[in-house]
Amino acid sequence: MSTRRLVGNFAQLSTTLFDQVIVELQGRYDKSSTLPRPEEGKVFGKGFGYGSAALGYEFTRTLGLEQNSILNYGKLRASVAQVGRDTGPYRVLSPLTSNTYIGGGFRNDFFGSNPILKPEQTRSYEAGVNLQFFQNRLGFDFNYYFSRTKDQLIAPRVSQATGFILQYINGGVVTNEGQEITLSGTPIRSDSGFGWDILANFYHNTNRTESLPSPLTVVFQSDAFITNVHQGGAFVGRPITGIAAYDFQRVTNPESPDFGKMLINPTTGYPIPGNTFTYVGNRAPRFTTQVTNTFSYKGLGLSFLLDFRVGGKVVNGNDLYSTVTGTGPRTTERYKEVVFDGVVTNADGSYSPNARPVELTQGYYQNILGAVGTPFIEDASWTRLRYATLSYALPAALLERTGVIKGLELNVTGRNLLLLTKYTGADPETAASGSGVRGGGSNGFDYGNVPATRGVDMGLRVTF
Amino acid sequence: MKKYLLFLGLLVGGTGALSSCESFLDVNDNPNNPSEATPNFLLPNIIANGIQTQMFTSLRTPYIEQYIVSRTVNSGGNDQYRFTNAQSTNTFNYSYFQSGGNIPPMIKAAQAEGSVYYVGAGKIMQALILAHLTDMMGDVPYSEAYQGGANYKPKYDSQEQLYASINQLLDEGIVEMSKPASENTRPLYSTSPSESGDILYKGDPAKWVRLAYSLKARQLNHLTKKASYDPNAVLALVDKGFKATTDDAQLQFQAAVAPLVNSTNIFGTTRSNFGTATFSNNFLDYLDGTTFPGVTDPRFGIMAPTTSTGAAPGAGTPAGTNLTPGSTLTDFYASWYARDLGYFEVITYHELKFIEAEAAFKAGNKARALTAYKEGIRAHMAKIGVGGTFAAPAVTFPVITPAQITAYLNSAAVAQTAEQLASPTNPAVPRAIMEQKYIAMFLNPESWTDMRRYDFSSAVYVNFQYPTGNSVNADLSGNADPKLRFPRRLLPGATETLYNPEEVARQFAEAGATTNDDYIGKPLWFDRP
C-alpha cells in the first residue's frame, strides 16, 4: 500500500475575441506529498507552479473568405506550455527492507533515497496552420513542436558501490522536435456515386538526450537487457532510443590512416571482441508516413492503409542466437578459410594489414562473432500494407421490404497483408518486453518475439 | 464582439488555506517499512552478508587454489583459468549494497546514542569486507563509496590506499572496542525479544579486538614481496590476535526456515553449487600418503572421503568415479566443509598460527616458527576432528584423538627441526609451513593470496599442476614468464562494466590488459615488489 497526495489549484481563462481570435490561458499550482522541502527540513509538501497560453487566429474571417472557392478556411495557432510533474511516494527517505539472510534485522532496499528531489519540468512550444481549400475538398494541416524536459525523475541502475542498486535522481535534459503534416482530400466525387478519399500523415521527430546527470554518460534501460551484447541506452547527444552494443576492437587513433579498421589478434588471426557498450544506432525512425485510400461506389467500399517507415535500427537477436549455437545461416560458411579485413599492431605501434588466413570455426561464431553486437544490427525501414477492407452494404431499398432489417453490410479485412523490408528477421516492428518500459523501451529488440500476425477478418453487420 | 466568455477557476488561494494542507500532505514516510533502525537491527545483516560475500568468492577461488577441479574434461571453466565478469558480480555487489552500504547509517545511529561497541563493530566489519574485496580485485571504491545520489560512479581507490584505509579502520575499531562497558549504552548482543546485535561473537568486545589485530597481521603479512616487509611487526600484531579456536571469526549456517533464504552452506548439497566439482589430486596427495610417503593424514576421511582419488585440472573424472560412497553425488559433498549446517571461516586461530610461523621464519626466529607451525596443525586437527554425522549424503566423520594428532605431528609429514621448515631446494622458502597452511585453509580464498605471494612456485606447492586441455586460458598459458601464467585477480563485476565503465577501463589500462583473459593474470599491488 502506498499513498500519494496532491493538492492542485487551477485557474483557467478562455475567451474568443471578435469571433476570430481564441485565447486560452491556464495556470496551476500543485503541492505534492512526494516531493521534499529540504530548506524547511520536511520530506513532503513541495509546491510548484506551471501553466499554458494558447492563441488561435482564423484569418479567413478577417479577410471574409468563408465563401471563397479556393481557400475557404484558414487558421494559425501557437501555444506555449509548461508542465510540472511530481514523483512516486517514499523516494525522499527510502525504506529499509528485511534481511532474509542469517541474523535477520534490516538492510537497505534496492532504491537509494534522495532528500533533494525536485519536480520534473517540461516546456513545449507549438505552432501550426490549418487550411481548407475548394470547399473542404482539400485540407492541409501543419504542426511544428519543440519540447524540452529537464530535471527528469529517473531511477537509473548505478554502481552498487553507491550502496544501492538503483538511485532516484533528478537529471538529464531531453528534447523532442518534430513536424506533423496531414493532407486530406477528395480527388473524385462523381455524381454517379463514385468517390475517392485520401488521408496522408507525415510524422518526423528528432529526439535528443541533451544532458544526463553528471557524471553519467549513459542511462541504460534495464528492461532492454535482451542479449549479452546489446542494450537499450540513452547516450548524451543521442536519442533516448539508442542502441548500445559491443563492437570489435578497432584502431581508435583518428590520426592513423587505419583509423576505424578492425584490430586482428596477430597470434590467432581473428578479430578481437571489445567489452564496452558504445552507441551504435537509433531504434526510432527518421520519419513515417501513412496513406489511407478509400474508394466507394454506391454500397461498395474499398479502403487500405499503406505504412512507410524510413530509417531506424533493429537488433536481430535471433540471428545472434542461431549464430552462437551454430544453426544460423552465417554458419554455413563454417570451415571456410578467410583472411579478416583488418590490421595487426606492430611493435612500434603502427599497423600493417592482416594477411593471416584462418578458418571460420564454430569457436569463431561462438566466442568472437557472437561476442559482439554490431553485426546483428539491421535497418528497420519498411513499406507495409497494414490493412485493406472491402465492404458491401446492401441497398436500403432492398431491405425495406423485410420491415425488420434496416441495414446489412458485409466486409472483409486483411491485416498485415504485405511487408517489404530488407530486415532478415520476421518483422522489424517489434518489442522484446512490451511497450511498458519508460524512455526508449524495448522497441527494436527482436529476440524470440512473436511477430505481428497476418490475418483476414470477415464481418457481417446488421442494423435493426 | 458577439460573444464574450470568461471562466475563472476557483482559486483556493491564500497561505492560510494552503497551510491546512500540511497534515494532509504529510504521508511520505513509508507506513510498511521503517527508513531507519537502531544499530542492533542493522549489525546482524552487516556481519552475515559481509561474510556471505566471501562465500560467493569461494564459488571461484577453490578452483584457482586447486582444492577442487571440474569433473568435466576440458570444462573451459575456472580450473582452466577462464573467468567471466558475472562470476565477480556478487563479490563486488555484496561488499557494498548488501553489507557495506549499511555500515555508515549504523555507525551514525550508534554514535548518536553512544553505542561505542557498535561503532567499533561497524569499522572492523568495514575493514574485513574491504580487505577481502581488494585482495580479490585490486582497486575498488571506498573513499567515494556509499554516497548514493551524490556520486553514482565512485572512483576506485588504489590498493595501496585501501590497505592504509583498512589499517586505519581496524585501529579505530580497536579504540572503540577497548572502551569500558560503562561507556557503551546499548548492549552489543541481545537475545530478547529476538536475537540482535553482534551475531559473530555474541557481544564479546575483547574477541573483536583480537579479530582486528589478527586481520591487521594478515594484511601486513601480505606484503612479503616488498622491501618494506617487516616480519617483526607482523609478530607484534599476532601477539594481540586470536588466542584459541574459540576466537575464530566464522558464520554458523542455519536451516533455511522462512524468512531465512539460502542460509545453509554455500558448499553444501542443498545449495548445490558444486555438483560438477571433485577434489583435485593436488590436494588429496597431501592427505593420502602420496606427498608424505607412509603418512596418511588423520584428516583424510573428514576433509575428503578415503575413497577419493581426485582429478587433475582440465582432465576431468570419468562418470561414476569420485562419488560419495553409497551415493551418486560428487565426493565433494561428503567433505566436513560441505555440511549443510557447518560453518564458514573468515579468519581463524590456526591461520594466525601459520602467519606467525611464516613471519617468525622470515624474521630468523626458527624456533618460534616451528612451535607456531605445529600449533597451527594441532588446532586445525582438533577443530575438525570432533566427529559427527551428516545426511544427505550419509557421512560419518571419524574423531581425531589427541594421540593421533601427536602421532601425526611426530611423523615424517611434519617438519621436526627448524631446518626442515624450508624447502629442500630453496632455504628462503618456508615450504612446510605453507603446505600445512594450505591444508588447514581448505577452500578459504586467503590461500589464493598465499599462492600469489609465492608465485604458485613448485618449491612451495609441490603437487600443483598446470591445467591441461585445449580450453586453458591461452593468454596466461602462453605467457613468456612462467610466473605470469596464473590468475592474479578477479575480473570487475558485470554491473561495474555497465555502470562504472570509465573506472573499469582505467583498471584495464593501468594493468596493461586488453582482454579479460589477459587482465586476470596481472599481479595486484600487494603481489608486486
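This is a predicted model: local features need pLDDT of at least 70, side-chain atom pairs count only at pLDDT 80 or more; totals for chains, interfaces and linings use all residues.
**View 1. Helices α6 and α7 of chain B pack against each other.** Here you can follow α6(B), residues 103–113, alongside α7(B), residues 116–137. The two helices pack at an angle of about 160°, and their axes lie 8 Å apart. Angles over 145 degrees count as roughly antiparallel, so α6(B) and α7(B) are roughly antiparallel to each other. Their crossing is left-handed. On the α6(B) side, look for I103(B), M106(B), I107(B), A110(B) and Q111(B). They meet a set of α7(B) residues made up of Y118(B), V119(B), G122(B), K123(B), M125(B), Q126(B) and I129(B). Sorted by class, this contact has eight nonpolar residues, three polar ones and one charged one.

**View 2. Helices α13 and α15 of chain B form another packed pair.** The view brings together α13(B), residues 366–384, and α15(B), residues 431–440. Their axes are 10 Å apart and the packing angle is about 20°, which makes α13(B) roughly parallel to α15(B), as angles under 35 degrees count as such. This crossing, too, is left-handed. From α13(B), the residues A369(B), Y373(B), I377(B) and H380(B) meet A432(B), I433(B), Q436(B), I439(B) and A440(B) of α15(B). The contact of α13(B) with α15(B) has seven nonpolar and two polar residues, with no charged ones.

**View 3. The largest nonpolar core holds 152 residues.** Good places to start are W208(B), L211(B), F283(B), F332(B) and Y373(B), which touch the most other members. Helix α7(B) gives this core its largest share, 15 residues. Around L211(B), setting aside neighbours within four places in sequence, you will find I124(B), L128(B), L200(B), Y201(B), F242(B), A249(B) and I347(B) in contact. A second, separate core has 25 residues, including F235(A), Y270(A), F340(A) and V358(A).

**View 4. Y297 of chain A sits in strand β19.** Strand β19 of chain A covers residues 287–297. Is Y297(A) buried, partly exposed or exposed? Its relative accessible area is 37%, so Y297(A) is partly exposed. Beyond neighbours within four places in sequence, Y297(A) is in contact with S192(A), G193(A) and F194(A). For a sense of scale, the C-alpha atoms of Y297(A) and F134(A) are separated by 22 Å, and these two residues are 163 residues apart along the chain.

Conventions:
Residues are numbered from 1 along each chain as its sequence is written. Chains are lettered from A and ligands numbered from 1 in the order in which they are written. Side-chain values use heavy atoms; hydrogens and water are left out. Axes are lines fitted to C-alpha atoms, for helices over the stretch in contact, and angles run from 0 to 180 degrees between N-to-C directions. Helices (H or I, at least four residues) and strands (E, at least two) are DSSP runs, numbered from the N terminus. Angles under 35 degrees count as roughly parallel, over 145 as roughly antiparallel, 65 to 115 as roughly perpendicular and the rest as oblique. A crossing is left-handed if the near helix is turned anticlockwise from the far one by less than a right angle, and right-handed if clockwise. Contact means heavy atoms within 4.5 Å. Ala, Val, Leu, Ile, Met, Phe, Trp, Tyr, Cys and Pro count as nonpolar, Asp, Glu, Lys and Arg as charged, and the others, Gly among them, as polar. Buried means under 20% relative accessible area, exposed over 50%, partly exposed in between (1.4 Å probe, protein chains only). A nonpolar core is a set of buried Ala, Val, Leu, Ile, Met, Phe, Trp, Tyr and Cys residues joined through side-chain atoms within 4.5 Å.
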